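Trainee: I am new to this structure. Could you take me through it, please?
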Amino acid sequence: MMEQLRIDELKTFIISLIDSGVTQTEIGKRLGYSRSQVSKFIDGGKVSDEFLAAVEKLKEEHPEHKEVTEAKKSVEDLDFILTKDAKNILGVCKATESINGFSVILGNAGTGKTETVKQFVKSSSNVVYIRCNCLMATRDILKAIGRACGTVLQANSKSEMFEELIEYLIHNPKILIFDEIDQIMPVKNINKIETIRNLHDIVKEYGNSLIMVGSLAVEHHFKKRSMNENYGQIDSRIDYVYKTQGLSEAELLNILSEFNIADSAKMEIVNLILRTTKGGIRWLTKVLNKCLDIAELEGGTITKDIVKSATTIMML
């Protein structure tokens with residue numbers, strides 16, 4: 001188990017180098033091995049102890065590794081984590097923007113959908129974010145779009161408000177992101193979601209894009225074709241769909257390496273998160289916060305016993 005943990009951490013380091021732009025050929029040169037040996041290691045093939053020692057030496061000499069002088073003491077100390085899901089979500093957002101398209105991002109609760117799209121919102125003044133809730137009527141949705149765009153709708157009727165928004169978006173194109181879209185999809189009523197779809201249909205040619213974010217259940221809704229719930233007009237217009245996968249074991253280990261955690265405790269957390277929350281980053285932060293609180297009172301290092309103690313009072 002400890003040897004596998006060592007291999008996983010070294011593999012995560014090599015992958016981080018590749019993600020930063022270093023080629024496998026260059027990594028091989030630094031290690032004194034061929035590119036194919038590096039590729040074999042990444043793909044899970046067996047390598048020699050000498051190869052692993054060379055990777056460890058490279059990791060110790062790497063600038064980013066040397067800068068780590070103190071373990072993180074709080075989850076808040078972590079920067080935004082660019083996971084595989086986060087990269088793919090940001091990629092979908094950019095691709096949608098490039099074609100003035102309509103995309104849907106779906107996933108289990110706590111897999112980082114909201115935090116990632118908020119990062120995208122920060123990247124451009126043309127992106128607006130609307131968080132939906134179950135109390136929203138169509139009028140509330142139209143007003144929320146206006147507020148997010150920085151304008152106050154003057155009209156009184158819903159149809160007039162709709163026309164006012166069209167006029168605004170024709171002259172001020174936006175990327176409209178609707179989060180928690182499930183909240184405005186009540187049974188046998190597609191009026192709210194159809195209003196948003198219709199708005200994008202009209203203003204798309206003027207440079208406007210639409211991104212909806214929600215749970216995996218949304219996909220089921222979009223496939224309905226009953227008399228009262230025919231989502232065909234929406235489903236047929238979707239350009240891209242991305243479903244989050246959750247944190248992988250390697251990603252979890254990479255995050256946990258930032259903290260003062262015993263190896264056995266790392267594997268306890270990894271197995272717990274993968275087993276109970278399908279790689280949910282929200283639950284990982286909750287578990288870490290609780291463990292850090294307990295560890296602060298018991299010597300600073302998160303142990304396996306601390307993990308077990310922390311999770312017994314959590315709904316995992």
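This is a predicted model: local features need pLDDT of at least 70, side-chain atom pairs count only at pLDDT 80 or more; totals for chains, interfaces and linings use all residues.

Trainee: How many helices and strands does the chain have?

Mentor: The chain contains 16 helices and five strands. Its C-alpha atoms fill a box of roughly 70 × 45 × 35 Å along the principal axes.

Trainee: What share of the residues is buried?

Mentor: Of the 316 residues, 44% are buried. The chain exposes about 16,400 Å², and carbon and sulfur atoms supply 48% of that area.

Trainee: And the charges: how many side chains are positive and how many negative?

Mentor: There are 41 positive and 44 negative side chains, with the centres of the two sets 4 Å apart.

Trainee: Let us turn to helix α6. What span should its 15 residues have?

Mentor: Helix α6 covers residues 84–98, and at 1.5 Å a residue it should span 21 Å.

Trainee: Which residues of α6 are buried?

Mentor: They are Asp85, Ala86, Ile89, Leu90, Val92, Cys93 and Thr96. These residues lie on the same side of α6 because they cover an arc of only 155° around the axis. On the other side, Lys84, Lys94 and Ser98 are exposed.

Trainee: What do the buried residues of α6 pack against?

Mentor: They pack against the strands β1 (102–106), β4 (209–214) and β5 (240–243), and against helix α7 (113–122).

Trainee: Which residue just after α6 takes a positive phi?

Mentor: That is Asn100, with a phi of about 55°.

Key. Residues are numbered from 1 along each chain as its sequence is written. Side-chain values use heavy atoms; hydrogens and water are left out. Helices (H or I, at least four residues) and strands (E, at least two) are DSSP runs, numbered from the N terminus. Buried means under 20% relative accessible area, exposed over 50%, partly exposed in between (1.4 Å probe, protein chains only). Accessible areas come from the Shrake-Rupley method with a 1.4 Å probe; for residues, only the protein chains shown count as cover. Lys and Arg count as positive and Asp and Glu as negative; His and the chain ends are not counted. The place of a charge is taken as NZ of Lys, CZ of Arg, CG of Asp or CD of Glu. The expected span of a helix is 1.5 Å times one less than its number of residues. The arc is that of the directions from the helix axis to the C-beta atoms. Contact means heavy atoms within 4.5 Å.
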